[in-house]
Structures are given as C-alpha cells and as structure tokens.
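Open the structure in your viewer and keep the selection tool ready. The stops below say what to select and what is there.

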Amino acid sequence: MPPSESDSATSQEQQRFPFAITAVAPDGSGNWDYDCRITIFDGRNRIQGGGNGRVNLDLRKGLYVVRLVSAGSMTEKVIVHEGPTDLDIKGPVRSSALPASDTRDHHEYYIGPARQFSRESTTDAPPSSAGSCRLMIMFRTRDMEENGAFAGVDLGSLQTPDGDVVTSFQDEDLARDPGAGWAIFSACLKPGPYLLINEENADQIVMPIHLFSGWDNLMFVPVDMTRGGGREEKSPRVNLSRASLDMVAHDRGFEPDDGFSQKIDASVQVLGKRFGAIPENIRTAAINGKFDHPLAGLIGACAHFLRDEPDPNLEAAMLRNLWSLMPGSPDVIGLFFLSLRRKDSQRPTDLAALLAAAEAAFGKSIAALLPLATPPMLRPTLDAIIALSQELPDLIAARSWLETASISDYAAGPWGVFDGSPMVSLVVSAQRSVQAPLSHQKLYPIVKSVFSLTLDLARRADWAISKDATIKSIAESPLALELGRTQLGAKLQELQVQFFPDLIGANDTVSDVVSKIRDQSDNIMHIGVSSSLPQWLLDMAQDVVAQEDIDSMARDLARRAQVPIRVAASALQLAKGSKSTSDGTAPTLEAGA
C-alpha cells in the first residue's frame, strides 16, 4: 500500500540534516576560537550537543538556540534548521578594563598612554620604596563620554603593609587626561607586597598587589558611574573588584595585540565569574609545569586545583615551579593549601606538620614566613588560607592585614579584595597635620573614657579615675585593651591625630598615654594599626555561646563563619563576657585569644 500524506510528512519531520556551528574570534581575524564553548539547545531547552570551537551534529528540522561562552561572556543566536546548516558565529566580545584588542572598550586614547607609561615613570618612587619593578596603575572610564567620573572621584592611595605611603595619587604623581577619562601612576618599586586602598560607601576597600623581581605589574582599574537609590544622580566609583592585571617582563611594556596577555586576562575573568572555561593552553601549561610566566602559572594552577582531577606528581612540579618564580608568595602558599584539601588523611594537624609538608612541596622551608600577615592577590588562594586557619590557630598573624581580610564580609571578583577598615592607616598628610599639639586637658578625658567604656565589656570605671590608674586596671583584660586601642584610634582620627597602638602598654597610666600621643603628634605618614571584630561575627557568637569549653565552640563557629579559629574564639569570649555582664557578673576575658 503506498504511503499516505501523513506518513510522508512524519518521515520528513524525522529526517535529520547536518548542523555545524563554528565559533569565530570576535577580533575580525576570521580565526576559529577554540576557547569558545558552543552548546546547542532544542526548542524545549534540552541540550543536543556541544564542544569547543566547532560543533558537528545531525538534527531534525526545527528551531535551535546556539549558545557561545568565552571568557565569562555569553551570546545566543536562534537558528531555523530546515536543511543542511553550516554557520560561522562570532563569539562574545568580552568586557575588561584591559584595553586589549579583543575587548569591547579598547579605545586608542587608552592604548596610547598605556603603552607609553608602561615603559616610563610618571614620578619617582619614595626612596624607601624605590626599586626595579615597575607598577603602573591606569584608572580609566568605559569611554571618554564618561569622563565626568574623574571630576569628583578619589583615587585612594597606594601603600606598603607597614604603612609607608607610596602615593596618594595627587596630580604631581600622575599623568592624566580628564577629557579622555584616564589617569596613570607609574613608578619603579621594590619587589614585595603593596596595598591599593580606596573608599567605597564609607568602607576602606583594599586590593593586595605583589611585585616580583624581573616583572612589571600593569594594573587597569575601571572608574564606573553608579546610581544610588531613588532619583540620586550617578556618582563615580573606583571598582577594584573589576581591575585587570597584565604582568610582563621588565620594561617590555603593554601591547594591545598580545594574545598571551589577552588569554591571561580572560582566564582571570573566568576565575572570578566561575562561568566559562580557562583557555586550554593556560591550564595545560600550568598542569604540565611548562610555564615561565608567574601570573599564567598561578591562574592555570588555581583552575586546576579547583577541579576534581588530582595528579600528585604533576601538582608537585607545578608548585615547585611556581615557588621558584614567586618566592614567598602567599598565593603560592594558598595553592599549596588548596592541594591539601584533597589529602584528608594526610592533612597537617599542627604547624610542625604543615612546615614539613610545605618543605617537601617547595624544596625550601617557609618557617620564616609564618604566621602569614599579608593577603594574597587571588580570592581562591585567600579562601584556602582562611579555611586552613580554621584548624591551625597560629597560621595567621594577629592584628595583620591578612587577619582583617579573613573577617571581611566584602568579596567580589577574582581578586582577594576586602574591607580593610579596621587596619587602614590613620594617616595625616602634611597639609592636614595638627599645627599645635592637643592639650593635656583635651586628651585626658578622651583616653580615660575610651578605656573605661571599651565596648561595654570592660568594667565601667568611675569618673574619679586618677591619672595614675593603669590601662590594665581600667580595661580589665588584654583583649579589652586591644579593643580599647581600636576605639582610641578612631577617636583620635576624628581629631586628625595619628595613633601608634604598639606604644601603649597595659601598665601605662592614662597620663602616660596622653604624653605619648602628644610626643608623637609631630610625626606624619605613619600607620596606626587597629583591630576589631565585625558585628555580624559577634552576633553569630552571641547566638551560639554557652558555658561549655570555648575551644570546641570556636572550631564550630570558625567553620560556620569561615573565619580563623583564633578570631572565632575571640568573638566567643566577647560574647561570653557580655553575657556575664548582663547576668550581673564580671566578664572574664582570657588573654591570648
């Protein structure tokens, strides 16, 4: 019996035709983009197939959605498939602060100055920081039409972890073109850690930067126009979380068509968004230990350790190679900690075991680097350090930048950016310095009130405290003393007076403290270190505090809050002391928390 019309129609619907999609690089070269992931969906959003660079399938007639993902960016295209289909589709154009030729906003008025000042300085570095590693920081808007952002933006400051200010980004240190929307700082500095600090919504946002011998760091930091709530006008914002880093051999300079730098920048974006795939040549070079570029090796290794594909021999070579390129780097130490996550039965349970494992991994001891004090550049390595500190209380230095990063609730992008407000320098520039020392009559009540009322946890002292009363007798405990220093630093900052807490001892009298503050008031541009626990952590501690052993509670709180175990213990002691005070008993805060 001959087939009916309906049978014929059904047969045609079931017939399959070739369906081929090629991802083409968006730079106009026409080259295939093998780092672009292609996924094909049918009309019911079911995946029909996928691959990198090119996909060949046999599909029935119908509507299909082709999704292309590259460097954390995505584009989709609807295809009507009625017969053989073979299409070239441009991959998504990524957005980046790096003015590379494969990005959306690579304007010539950014490329020119980036090339120039990646090879020459805009100012001489201070003698204490001068060295042979160039650090260029280019602040830029999306395009020159947003140049108004530079009219009211504070670019922040660059300083060392010890508080030596390298620059406050004043005009004399910069090359700038406000009309085009850019400003550049460029100078040759010593290898080592630096902190880029900027105020955001009253918080001091900190981005760690590490310089290594023989390499230049070229930073590109976007200045965005953001809108507040309601009908507020847009306001400028330095967005450290979206910064790009191009690390190049010394004096090689920036080149917008450098495909390797483009892939590294794209890899960093993927790492931050956790969306898309690291370019294959970056990842495989890191896995096989065949790299001589510090940032490429670091990003590739980080991507590997975040995947569940352990290979002890390859990982050992990877870590040792990275350590030779970046000696002392907290990022490489963080990668080592990431590798330990896969070895539950072999994970160090104390610092001695950790040191032995690290020496086996790197071929050198890291004892001189512990406890760790400076945060790494990358978010995954920072998280790895914090995770291990939940088991090893002495891993992170007390009252350090790294400890501050560990309790920050600010996290965005691929970098280890954090709210550094508790540790930001109480710096007074020469222009703002106090012309005449504050009187004893003005300082005395400030010092006395701060240490007598520290967070309502220390014993409330009577206003008849004499000038000979020691800080220890007022503040009750070493922990309350530390919190008192924090409050005193804040009070003095309001008066434009810098504060050096390490000068204050528990046996100092109120009169001693006043004298020390007055003696140091002529000094400027020094750091005043403070340390405080965030309210969210104190609230969590209040919820779980009990009369049982602090150590067992601290381990649980550290894991829940993702903070170092020593910080968790401090929060529990404060909560326990606060509870005792509310019950009518005196707080008993332990020393050494």
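**Aromatic pairs, strands and a patch**

Select Tyr109: this residue is partly exposed, with a relative accessible area of 25% (buried is under 20%, exposed over 50%, partly exposed in between; 1.4 Å probe, protein chains only). The model is predicted: local features need pLDDT of at least 70, side-chain atom pairs count only at pLDDT 80 or more, and totals for chains, interfaces and linings use all residues. Numbering starts from 1 along each chain as its sequence is written, and side-chain values use heavy atoms, without hydrogens and water.

Tyr110 is buried, at 0% relative accessible area. The whole structure holds nine aromatic pairs (rings of Phe, Tyr and Trp, its six-membered ring, with centres within 6.5 Å; planes under 30 degrees apart are stacked, over 60 edge-to-face, the rest tilted). Tyr109 and Tyr110 have ring centres 4.8 Å apart and planes at 65°, so the pair is edge-to-face.

Next, select Trp323, Phe336, Phe337 and Phe362. Ring pairs link these residues into a cluster.

Move to strand β13, residues 192-200 (strands are DSSP runs of E, at least two residues, numbered from the N terminus). Seven of the nine residues in β13 are buried. Show strand β9, residues 157-159: β9 and β13 pair antiparallel over three bridges (pairing needs at least two DSSP bridges). Gln159 has Leu195 of β13 as its bridge partner. Now show strand β14, residues 203-211, which pairs with β13 antiparallel over nine bridges. Asn198 stands opposite Ile205 in β14.

Finish at Leu63 in strand β5, residues 62-70. Leu63 is exposed, with a relative accessible area of 52%.

Conventions: Helices (H or I, at least four residues) and strands (E, at least two) are DSSP runs, numbered from the N terminus.
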